[in-house]
Amino acid sequence: KWLRARGSTSRDVRAAGFRELYYSQRVPAGPLFTFGNVMNPWRTPDADDPNDPFDVVNIFQQNEPSEVVLAGNPDLAPESAETDTIGMVLTGSGALQGLSFSADYYEISLEEGIVGGNSFNIIDECFNADVNCDLITFGDPDPDPSQAGNALSNIVSIRAPYLNALPYKATGVDLSLDYNLPLSKLFESGTGSLFFRLIGTRALEMRVRTATRDAEIAGQTGGDSGFFSDFTPAPDWAANLVVSYLNGPFTLTTQGRFTSKGVLDKQTPKTGPDDASFDPTLAASVTDNTLPSFLVWNLSSSYDFKIGSADNTQVFATINNIFDKDPPFASGAVGGANPIFFDTAGRTYRLGVRVRL
């Protein structure tokens, strides 16, 4: 009566959307560090050229344009994933009547995730695995003496369509604790009850493939560096604590949202002073590669009553981020903060009426 075991396994699918099927954008060639340039691993390295092996067009080079075509792909297969969970539920009785605790381990694996076109991946797969080479167009060989006889020294165009090529794996543990405590248990004249709910998630692993590498991003709470990111990282711990006072038509609830301390960026890894590879002359080295934990409190209340034929009318008020706590700075995020884990609006108020006829 006090223990229940549970588990599930499922196969989940998602068909490609309109953008993934029919997107089209041509990016003209441009100088280094702007749109329209690619890295050409077939070029013979030129020790006298700091840009080599970038195949670009700028005032210092006479290469043919290296156009990048971002495109949809009508031949995309649906994404498919396997999701497995196993867990237990403990239910209290006697002195622990009203108490419930659950713990569930989850594992999600996706092999053929849909990912946007990326010229780096196309070139890497062709160069190292002889895959998708038909998406690359080579022009006349670069006349530079260092590339003499190299027929693959000049990429004039590369087509980067959406592909079924994004692996994803996530594992973790979900925890939940509920307790309903009638106040009459504490003192004879007590009315109403207190309800406690604590829910949390421990991310054990979150492995994805970025444009340049396979990355483990569990524990990242900073903003990612991608403009159209295909995934969202997760903190090591995330939790919500809800405490409510319930007394007939009146409710008063406070909520605390917690995010554990984390790393600024694991997708394009940054290094801090505590890392052996830290070098202040490199762009990826930062003075602080961590973000602090974050706890924000909200408060809400409601009261139900009847008006005429209205079966139920409710007035409610909410204050989010009671203490007006600022989010920590997170490089790469829009506005300098990660709005997924941290409150970016500051203290806000809401007052309203709900009517059910």
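**View 1. Leu99 faces Tyr179 across a strand pair.** In this predicted model, Leu99 sits opposite Tyr179 of β10. The two strands here, β7 and β10, pair in the antiparallel sense over 15 bridges. Pairing is called when DSSP finds at least two bridges between two strands. The element names come from DSSP runs numbered from the N terminus: helices are H or I with at least four residues, strands are E with at least two. β7 (residues 99-115) also runs antiparallel to β6 (residues 79-91), and eleven bridges join them. Over there, Gly87 stands opposite Asp104 of β7.

Two housekeeping notes for every view: residues are numbered from 1 along each chain as its sequence is written, and side-chain values use heavy atoms, with hydrogens and water left out. Since this is a predicted model, local features need pLDDT of at least 70 and side-chain atom pairs count only at pLDDT 80 or more, while totals for chains, interfaces and linings use all residues.

**View 2. Four strands make an open, mixed sheet.** Follow the order β2-β5-β9-β8 across the sheet. The edges belong to β2 (24-27) and β8 (136-138); each has a single partner strand, so one side of each is left without a neighbour in the sheet. On average, neighbouring strands are turned by 10 degrees against each other, direction ignored. (Axes are lines fitted to C-alpha atoms, for helices over the stretch in contact; angles are taken between N-to-C directions and run from 0 to 180 degrees.) β5 (residues 67-71) and β9 (residues 155-161) are a parallel pair with five bridges, and Val68 stands opposite Ile158 in β9.

**View 3. Helix α2 packs on that sheet.** α2 (residues 119-129) touches β5, β8 and β9, and its direction makes about 105 degrees with that of β9. Contact means heavy atoms within 4.5 Å. Which residues of α2 are buried? They are Ser119, Ile122, Ile123 and Cys126. They cover an arc of only 90 degrees around the axis, which puts them on the same side of α2. That arc is taken from the directions running from the helix axis to the C-beta atoms. Buried means under 20% relative accessible area, exposed over 50%, and partly exposed in between, using a 1.4 Å probe and protein chains only. The buried residues of α2 pack against β3 (38-39), β5, β8, β9 and β10 (163-182).

**View 4. The largest nonpolar core has 13 residues.** Such a core is a set of buried Ala, Val, Leu, Ile, Met, Phe, Trp, Tyr and Cys residues joined through side-chain atoms within 4.5 Å. Those with the most contacts inside this one are Val38, Trp42, Ile122, Ile123, Ile136, Ile155 and Ile158. α2 and β9 are the elements that give two or more residues to it. Apart from it lies another core, of eleven residues, including Met206 and Ala218.

View 5. Asn321, in the loop between β18 (310-320) and β19 (348-356), counts as buried at 1%.

View 6. Ser260 is buried, with a relative accessible area of 8%. Its side chain reaches the backbone nitrogen of Trp237 at 3.0 Å. Leaving aside neighbours within four places in sequence, Ser260 is in contact with Thr221, Pro235, Asp236, Trp237, Pro292 and Ser293.

Terms used:
A polar contact is a pair of N or O atoms within 3.5 Å; within protein, one must be able to donate a hydrogen and the other to accept it, and residues adjacent in sequence count only if both atoms are side-chain atoms.
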